[in-house]
Amino acid sequence: DVYKRQVLFAVAVLVVPLALGLPLARCESLRGFSMPAKAAIAWSGGNVILAVLLTVSSGLGVAWRPWAVLVAAALAVGVTVQMPQRGYRSGPRSSGPAWPRRIAVGLCIVVAVATGVQLAAGAATSADLSYVWGAKASHFAIDRGMDFEWMRQPHLIHLHPNYPPLWPVSLAWGTMVAGSLPWTVVPVLTWVYVFAAAVVIHSLFCRTIGTRGAAIVTCLWLAVLTGSTVRSFSGGSAEGPLLFFLTVAVTILVVDEGGGNATLHWLAAGALAGAVLTKSEGAVAVGLVIAGTVIRGIAWHTPGVWRSTMKLASPALAAGGLWAVIRVAHNVPLIDPIRETAFQIDLGHLDVTLKVCARLLVTGVLWVGWLAPLAAAASTKELQPARALPGLFVAVGLPVFAVFYYLHAAGGPVELIVWTFPRLIQPAISTWIVCLGFLCFSQSTATPMGNT
């Protein structure tokens, strides 16, 4: 019975979202992408669609019905079948020997197995799975919807009622289908999101900087981020989807900086919406991405920079606005009732905050993730750092935001920093690696995405 529920849960959270997002896999912009990359984009997009459908249903007071979701998935599959087949078109290929790429693939497989074992064994499970995400998901599944009256209860403020809905709703959907939440399976979903991001990065880079550069950058990214995921106890928390959405969005904006591929930019916009729907700091990161994109466009005198920026930001604004309207309509707090009061800053925390954050920035394998791309960039001639501004804003801005946030701590901030900072900086180091890695390999091999 336990295994049966685990299988049902896996089918619900893996297969059904994949079916919902399957039309994305047929987009013209994904020609040349590997099948795993297309599946990753379809699955993640399906999760956003599923979260929006179920959240809107709860906001309207309509109970969740599995058959309704399955009908929507069947319709999406039907639309996909009617879409024209796209021929395969590859990007630039490396003329070098194949063995470095094969070694990189082998290392990725070793990392995949090692990380999957640790997450499946519960060695890296986040406590937030028990305290927040799992508790919400279990109750939503029992109630067949988001129970706003329950979320308003003052003794449940530790569940963060204002948090965005994507992750608990996704887990609740699987729980409703399976009959109960398989707690030991949920951390593996973090592994799925991390490796889904890796295959998308690899496909994007194969089309622009060649297979050799794509293999090297992806291998470094995967080694650092899997190590960080385990060390920061991110298993089962919302860090996985947040990392995916932000990394994919930034990678698209960097490799196609001119916006020549309109459909691909809409995928980036959808990924930013997914980030807003995943975690509160996702909105901060999205703001940094938008700011970096605007400044890059102004610096390069890009025509229509404000119009293209509004197109990029509109899905994220719509997603944030939707969740805000639902909370207002159901009297759910707009801000976290147990968080520190905004702008009540204690500058006495600054010294210890900087010291602890600086130590955590280079803990474990993280120092490799910061220094290796920086060293490679420093030795590369004719670098164009402005091209990577959307990601560099995230890489620098998120740690700065975290320091500013910790100055609001009531009492000593050390415990809060140690628990949250290793997880909060994962999108920062992720975008740092992909941006600098792309810049280092793009000098002689890159071709415009719109022309590939």
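First, confidence. The model is predicted. Its mean pLDDT is 88, and 92% of the residues reach 70 or more. One stretch needs care. Over residues 444-452 the pLDDT is below 50. That stretch still has 21 contacts in the model beyond near neighbours in sequence. Where pLDDT is low, though, the predicted coordinates should not be read in detail.

Now the surface. Look at Val7, Val11, Leu14 and Val15. These residues form a nonpolar patch there. Together they have about 300 Å² of accessible area. Take Val15 from that group. Val15 sits in helix 1, residues 2-20.

Next, the inside. How many residues does the largest nonpolar core have? The count is 133. Six residues have the most contacts inside that core: Phe9, Leu171, Phe205, Trp221, Phe244 and Leu272. Helix 8, residues 186-206, supplies the largest share of the core, with 13 residues.

Stay with Leu272. Set aside its neighbours within four places in sequence. Leu272 then touches Leu246, Ala249, Val286, Val289, Ile290, Leu312 and Ala316.

Ile290 turns up again with Thr309. Thr309 is in contact with Ile290 and Val294, again leaving aside neighbours within four places in sequence. Thr309 belongs to helix 13, residues 305-329. Why does Thr309 count as buried? Because its relative accessibility is 5%, and buried means under 20%.

Methods: Residues are numbered from 1 along each chain as its sequence is written. This is a predicted model: local features need pLDDT of at least 70, side-chain atom pairs count only at pLDDT 80 or more; totals for chains, interfaces and linings use all residues. Side-chain values use heavy atoms; hydrogens and water are left out. pLDDT is the predictor's confidence in each residue, from 0 to 100. Contact means heavy atoms within 4.5 Å. Patches are made of residues with over 30% relative accessible area and no salt bridge: like charges are joined within 9 Å, nonpolar side chains (Val, Leu, Ile, Met, Phe, Trp, Tyr) within 5 Å. Accessible areas come from the Shrake-Rupley method with a 1.4 Å probe; for residues, only the protein chains shown count as cover. A salt bridge is a side-chain nitrogen of Lys or Arg within 4 Å of a carboxyl oxygen of Asp or Glu. Helices (H or I, at least four residues) and strands (E, at least two) are DSSP runs, numbered from the N terminus. A nonpolar core is a set of buried Ala, Val, Leu, Ile, Met, Phe, Trp, Tyr and Cys residues joined through side-chain atoms within 4.5 Å. Buried means under 20% relative accessible area, exposed over 50%, partly exposed in between (1.4 Å probe, protein chains only).
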